[in-house]
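Colleague: Hi! Could you walk me through this one while I have it open?

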Amino acid sequence: MTRWQFVLALAAAAVLTGCGSADTPDVTATSTAPTTTTTKRVPATIAPPTTTVDPYAGLPLIDHVTWTENVDGPRLLVFPTQAGRKTAAPGTDELAWQEVRALDPDADAPGMRDQFLCHWVWARMVAPDKPSWNLEPWRPDVGYQATVAANCNPGGPER
């Protein structure tokens, strides 16, 4: 008799005799079956964890930035790399913004981060080949939702 057959027989006996009844005498069973090795397997209903690999991991997301002047005031042109245009990995928006700030610390003006994140999320979908994303420090700092509602240009259209 194998160990599993023994356990099943013992369980069946417990059920048939009223498992835990005060009238049941204490009987200890012993087995002389040889020890066997068992392999634990993941049940078929549980999928193993999956990982998503970012093919652009470790690549620069921003190629360069350039300041220009227009009729309304200064404008920072942000030029994303191919990796910056295509990656969908979580957290890359903040990594890209850190790259912009490292390339030019003056980019960290009020409202500029929201304009950048708006471009990162929406402009990449709507105009994936737009050469640059234009951020203007003179635009009002209205928060991310209002920046998105203004098509990334709070305070008026881009001219």
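Modeller: Happy to. When I say that residues touch, I mean contact between heavy atoms within 4.5 Å. Also keep in mind that this is a predicted model.

Colleague: Noted! Which residues does Ile62 touch, leaving out those up to four places away in sequence?

Modeller: Ile62 touches Val78, Phe79, Pro80 and Thr81, and also Ala96, Glu99, Val100, Leu103 and Phe116. Ile62 itself lies in strand E1, which covers residues 62–70.

Colleague: Is Ile62 buried or exposed?

Modeller: Buried: its relative accessible area is 5%, and the cut-off for that class is under 20%.

Colleague: Let's look at Thr81 then. Where is it?

Modeller: Thr81 is in the loop that runs between strand E2 (73–80) and helix H2 (82–86). With a relative accessibility of 16%, Thr81 counts as buried. Leaving out residues up to four places away in sequence, Thr81 touches Pro60, Leu61, Ile62 and Asp63.

Colleague: New topic: helices. How do H3 and H4 pack?

Modeller: H3 spans residues 92–103 and H4 spans residues 112–126; they pack at an angle of about 130°, and their axes are 10 Å apart. The two helices are therefore oblique to each other, and their crossing is right-handed.

Colleague: Which residues meet there?

Modeller: From H3 you have Thr92, Asp93, Glu94, Ala96, Trp97 and Val100, which meet Met112, Arg113, Phe116, Leu117 and Trp120 of H4. Sorted by class, that contact has seven nonpolar residues, three charged and one polar.

Colleague: How many aromatic pairs turn up in the whole structure?

Modeller: Four. One of the pairs is Trp120 with Trp133, which is edge-to-face, with 6.0 Å from centre to centre and 90° between the planes. This pair links distant parts of the chain, as Trp120 is in helix H4 and Trp133 is in strand E3 (residues 133–135), 13 residues apart.

Colleague: Why do those two count as buried?

Modeller: Buried means under 20% relative accessible area. Trp120 counts as buried because its relative accessibility is 3%, and Trp133 because its value is 1%.

Colleague: Last one: which residues do the ring pairs link into a cluster?

Modeller: Trp97, Phe116, Trp120 and Trp133. You have met Trp97 and Phe116 already, in the contact between H3 and H4, and Phe116 also touches Ile62.

Methods. Residues are numbered from 1 along each chain as its sequence is written. This is a predicted model: local features need pLDDT of at least 70, side-chain atom pairs count only at pLDDT 80 or more; totals for chains, interfaces and linings use all residues. Side-chain values use heavy atoms; hydrogens and water are left out. Axes are lines fitted to C-alpha atoms, for helices over the stretch in contact, and angles run from 0 to 180 degrees between N-to-C directions. Helices (H or I, at least four residues) and strands (E, at least two) are DSSP runs, numbered from the N terminus. Angles under 35 degrees count as roughly parallel, over 145 as roughly antiparallel, 65 to 115 as roughly perpendicular and the rest as oblique. A crossing is left-handed if the near helix is turned anticlockwise from the far one by less than a right angle, and right-handed if clockwise. Ala, Val, Leu, Ile, Met, Phe, Trp, Tyr, Cys and Pro count as nonpolar, Asp, Glu, Lys and Arg as charged, and the others, Gly among them, as polar. Rings of Phe, Tyr and Trp (its six-membered ring) pair if their centres lie within 6.5 Å; planes under 30 degrees apart count as stacked, over 60 as edge-to-face and the rest as tilted. Buried means under 20% relative accessible area, exposed over 50%, partly exposed in between (1.4 Å probe, protein chains only).
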